[in-house]
Amino acid sequence: MEIIRTVAQLRKAVETAKLNQKKIGLVPTMGALHEGHMSLVQSACSDNDVVIVSVFVNPTQFNNANDLQTYPRTEEADCKKLRQAGVHIAFVPSVEEVYPEPDTRIFNLGPVAEVMEGAMRPGHFNGVAQVVSRLFEMVRPDRAYFGEKDFQQIAVIRRMVELEGFNLEIVPCPIVRADDGLALSSRNVRLSEHQRDVAPNIHRILKESLKWAETLGVEETATRVADAINQFPEMEVEYYKIVDQKTMQPVTDWYADGHGAVGCITVYLGDVRLIDNIKYPIK
């Protein structure tokens with residue numbers, strides 16, 4: 001595996017691969033890699049001739065300076081995992097390399113970016129669109145891989161691809177969970193031992209809501225989920241929204257469309273912000 005730190009080197013490596021008619025898969029990450037990330041890497045390795053994984057904590061998508069400061073950075077361990085997984089190139093740039101000058105672009109991402117995370121974290125999705133579009137320009141991948149834990153982010157990236165006219169396939173990959181159901185996240189390392197014991201209740205209650213949805217309406221189901229999680233004194237639901245899986249807009253009944261509904265949740269466990277989601281079957 002080659003570790004590349006400059007855009008010029010990356011472009012040169014990509015050009016060589018393209019000349020040799022190699023299919024390129026890209027896995028954008030912010031590092032602190034866990035089994036969830038590695039499942040994306042595994043999919044990319046099985047689908048493509050050359051796999052590039054970016055390891056870059058992107059400052060433009062953080063609307064909270066403390067969150068940026070405390071985000072885990074484990075470059076050496078990350079590169080070891082990527083090497084063992086058979087990745088060809090780890091792109092590990094500096095902020096100055098990715099943003100030689102401030103990125104002032106504003107993307108017209110529309111309704112998919114205005115709800116849930118978009119409402120709670122102003123500027124977050126514009127920052128995501130900035131960095132992902134730069135990576136797509138640098139790598140020109142045939143496929144790019146994203147985890148469904150960040151369900152809304154995938155919809156936003158699809159919108160950005162449409163706006164910018166990129167010719168590539170976005171590949172969503174299923175959530176990877178610990179044995180007790182907690183969605184794997186780089187932020188989980190910040191949980192205390194007690195908080196880590198409490199956290200799996202988020203997924204447990206989301207799973208229970210599939211049963212509730214058989215007899216309750218959308219709004220009643222969402223309220224019951226939030227109330228059940230908020231009964232734990234350690235946890236506070238920031239939002240739980242049941243939305244259209246494609247448009248990210250709220251649904252009012254289970255029969256509203258043919259895309260199916262997804263319930264997206266954000267929970268504060270102490271000062272750690274956890275996200276998860278669950279898909280409801282089309283009725």
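## Positive phi angles in loops

Met 248 is placed in the loop between β7 and β8; helices (H or I, at least four residues) and strands (E, at least two) are DSSP runs, numbered from the N terminus. Although Met 248 is not a glycine, its phi is positive, at about 65°. This residue is buried, with a relative accessible area of 0%, where buried means under 20% relative accessible area, exposed over 50% and partly exposed in between (1.4 Å probe, protein chains only).

Ala 32 belongs to the loop between β2 (24–29) and α2 (35–47). Its phi is near 50°, again a positive value in a residue other than glycine. Ala 32 is buried, its relative accessible area being 10%.

## Basis of the description

The model is predicted: local features need pLDDT of at least 70, side-chain atom pairs count only at pLDDT 80 or more, and totals for chains, interfaces and linings use all residues. Residues are numbered from 1 along each chain as its sequence is written, and side-chain values use heavy atoms, with hydrogens and water left out.

## The three-stranded sheet

An open sheet is formed by three strands in the order β7-β8-β9, with antiparallel pairing; two strands pair if DSSP finds at least two bridges between them. The edges are taken by β7 (235–244) and β9 (272–280), each with a single partner strand, so one side of each has no neighbour in the sheet. On average, neighbouring strands of this sheet are turned by 15° against each other, direction ignored.

Between β7 and β8 (residues 261–269), which run antiparallel, there are nine bridges. Met 235 stands opposite Leu 269 in β8.

## Helices on the sheet

Helix α10 (residues 201–212) packs on the sheet and touches β7, β8 and β9, contact meaning heavy atoms within 4.5 Å. The direction of α10 makes about 20° with that of β9; axes are lines fitted to C-alpha atoms, for helices over the stretch in contact, and angles run from 0 to 180 degrees between N-to-C directions. Helix α11 (residues 218–230) lies across β7, β8 and β9 and runs at about 160° to β7.

## Nonpolar cores

The largest nonpolar core has 47 residues, of which Leu 10, Ile 52, Phe 136, Ile 157, Met 160 and Ile 170 touch the most other members. Such a core is a set of buried Ala, Val, Leu, Ile, Met, Phe, Trp, Tyr and Cys residues joined through side-chain atoms within 4.5 Å. Helix α7 (residues 124–139) gives the most to this core, with nine residues.

A second, separate core of 30 residues includes Leu 216, Ala 226, Ile 229 and Ile 278.
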